[in-house]
Amino acid sequence: FLDDDEAKKGDGVGVKVAALGDKATGAEFATQVVKKGRETHAAESIARWIERIGHKSAVLTTDNEESVKALAKMVKTKCSADLAIRTNPAKDSKSAALGETVQGIVGKSFLTLKSSVEQATGEKIAKTDSAVAWLVRHGPWARTRFKVRSDGTTPYEIINGNKYSGDVCKHFEVIMAKEMKKDKKDKMNSKWHKSIWLRVRTDCT
């Protein structure tokens, strides 16, 4: 299910977000929509997420909002999977539950992460800051890896066949990162540098 809303209007940020949930695996995804319903990067990110899950064909369900339907059509043109777009009847609240649940979780996780980063750095995050895109994606990214399903597995495990074993740091934490240099003969200079941790660079898996 694909949903599109703002997370969250109440705190004055008003970040536009497209959120998705996969019924088969329980995987979740969210991406910032700079221009609601018409943003190419968001459509491409969603398309790559669907492909990484491994679906050869899928039904992309939306509500009746025109901007959401327009975004879904754009996703269809950019995805290699065979996508069918289905619009929920206006009164069919049960079928929209998955997308709305993910949207609500994304909003809460975004505000929690935003508050945590602001307290740690002493800097306020505005909706135009690059940090917003990373904060929006992190909640669903983490839940896909660590949320335990009723059968004892995680969505990540269902998709990949193994549990997630990567490292996770706090957002904007100072870390030591290894620079991948092509010249292996350069042993005099350190390959390790102080960096800022944003997120593991994957869209889904």
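Is Cys79 buried or exposed? I looked this up before anything else. Cys79 counts as buried because its relative accessibility is 10%, and buried means under 20%. I note that the model is a predicted one.

Cysteines, continued. I checked Cys169 as well, and it is partly exposed, with a relative accessible area of 26%. I then looked for disulfides and found zero in the structure.

Helix H1. I went to residues 40–53, which form this helix of 14 residues. From its first C-alpha to its last, H1 reaches 20 Å, close to the 20 Å expected at 1.5 Å a residue. I listed its buried residues: Ala42, Ala43, Ser45, Ile46, Ala47, Trp49, Ile50 and Ile53. Just after H1 comes Gly54, for which I noted a positive phi of about 105 degrees.

Strand E2. I looked up Leu20 and found it in this strand, which covers residues 15–21. Leu20 has 2% relative accessibility, so it counts as buried. I also checked Leu20 against Val106, 86 residues apart along the chain, and their C-alpha atoms are separated by 9.9 Å.

Phe172. Where does Phe172 lie? I placed it in the loop between helix H5 (155–160) and strand E6 (174–178). I wrote down the reason for stopping: most residues other than glycine have a negative phi.

Technical notes
Residues numbered from 1 in each chain as written. Predicted model: local features only at pLDDT ≥ 70, side-chain atom pairs only at ≥ 80, totals over all residues. Heavy atoms only, no water. Helix = DSSP H or I, 4+ residues; strand = E, 2+ residues; numbered from the N terminus. Buried < 20%, exposed > 50% of the residue type's maximum accessible area, 1.4 Å probe, protein only. Expected span 1.5 Å × (residues − 1). Disulfide = S-S within 2.5 Å.
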